[in-house]
Amino acid sequence: MEVIEVVNRLKELGSIASLSSSDKAEIESLYALVLDKKFVRTSCSDCYHDAVIEMSVYLNKNGKMKEKSEYGLKNGVLLQMGFGSEEMYTNANLTDEVAEKYLAKYPDNIKYFSKKPDDWEERVKSRKNGSVLIDDELVYLMVESMKDGVTCKSIQEEFKSYKISGKTITKKSLTAHVNKALEVFAEMQENPSGSEDGESSNEQESTGEQNDEEGEAVEGAE
C-alpha cells in the first residue's frame, strides 16, 4: 500500500468507535507494515485506537513507513554509537545501515541483537572496509544487457529501482555493480571461449574512515 492510502485508511479506522474483529486484524497488519514491529494487545480497551494514533503520528512526522530492518535488538537494549555520543538507537529507529556501522566498530556487541541476517559478519566486514557487497545476480543481469548492446547509462536507469534484500539499491551500490559488470563483460570479450561462471570478487572497494571510540549498549532502555 502507498503511504497516502495507509494514512486515509487510518483516518477511517480512527473514526470507528467500536472496532470489529476484522478492523482489529487490519490494524495489527498495518502496524507491522508501518512500524515494522508486531502489535502487542494489552488489557487497555483503547490499545487499538492508540496503535492507530501511533501509526498516524509516525507517518505524519516521517512521510514514509519505517524501513524494514534485518536486525533487531533485544528487549530493553539501547545502542550508543560511542562514548558520550548523542547517537542512540532502539528498535524504533534501527536500520540495517545503523546496525552494520555499529557492529563494524563493536562486533562483540552482537550479543545485544535478537535478530540478525545469516551473513551479518560478511556485511559488517564490507561496511568496515568501506566496500559494497556485490550481488552476483544483478551483475549477471547487467552483463546480459551489455551483451545486447545496452549502454551503461541505460543500465543504470533500468536498475535504479532494483531491490537487494528487499531494499532499493543505493547510487553508490549501483555504480559499483555497473563497474563490476563492465569488468566481467571485458573479460568475456577478451576470452569469449572462457566460462561465464568463473570466480568473481564479492566486494567493490571504496574508501572509508573508522572511529575507534568505545561504543556502549545499555540494557534497560524504554
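Helices here are DSSP runs of H or I at least four residues long, and strands are E runs of at least two, both numbered from the N terminus. The model is a predicted one, so to speak of local features takes pLDDT of at least 70 and side-chain atom pairs count only at pLDDT 80 or more, while totals for chains, interfaces and linings use all residues. Residues are numbered from 1 along each chain as its sequence is written, and side-chain values use heavy atoms, with hydrogens and water left out.

The chain holds eight helices and nine strands. Of its 222 residues, 37% are buried (under 20% relative accessible area with a 1.4 Å probe, protein chains only; exposed is over 50%, partly exposed in between). Taking contacts (heavy atoms within 4.5 Å) with a separation of 6 or more, 65% come from residues 24 or more positions apart.

Helix 3 covers residues 47-62, and its 16 residues reach 22 Å from first to last C-alpha, close to the expected 22 Å (1.5 Å times one less than the number of residues). Its buried set is Cys-47, Tyr-48, His-49, Ala-51, Val-52, Met-55 and Leu-59, and these pack against helix 1 (3-14) and helix 2 (21-35).

Helix 1 buries Val-6, Val-7, Leu-10 and Leu-13. They sit on the same side of helix 1, because their arc around the axis is only 125° (taken from the directions from the axis to the C-beta atoms). That buried side packs against helix 2 and helix 3, whereas Ile-4 and Lys-11 are exposed on the face turned away.
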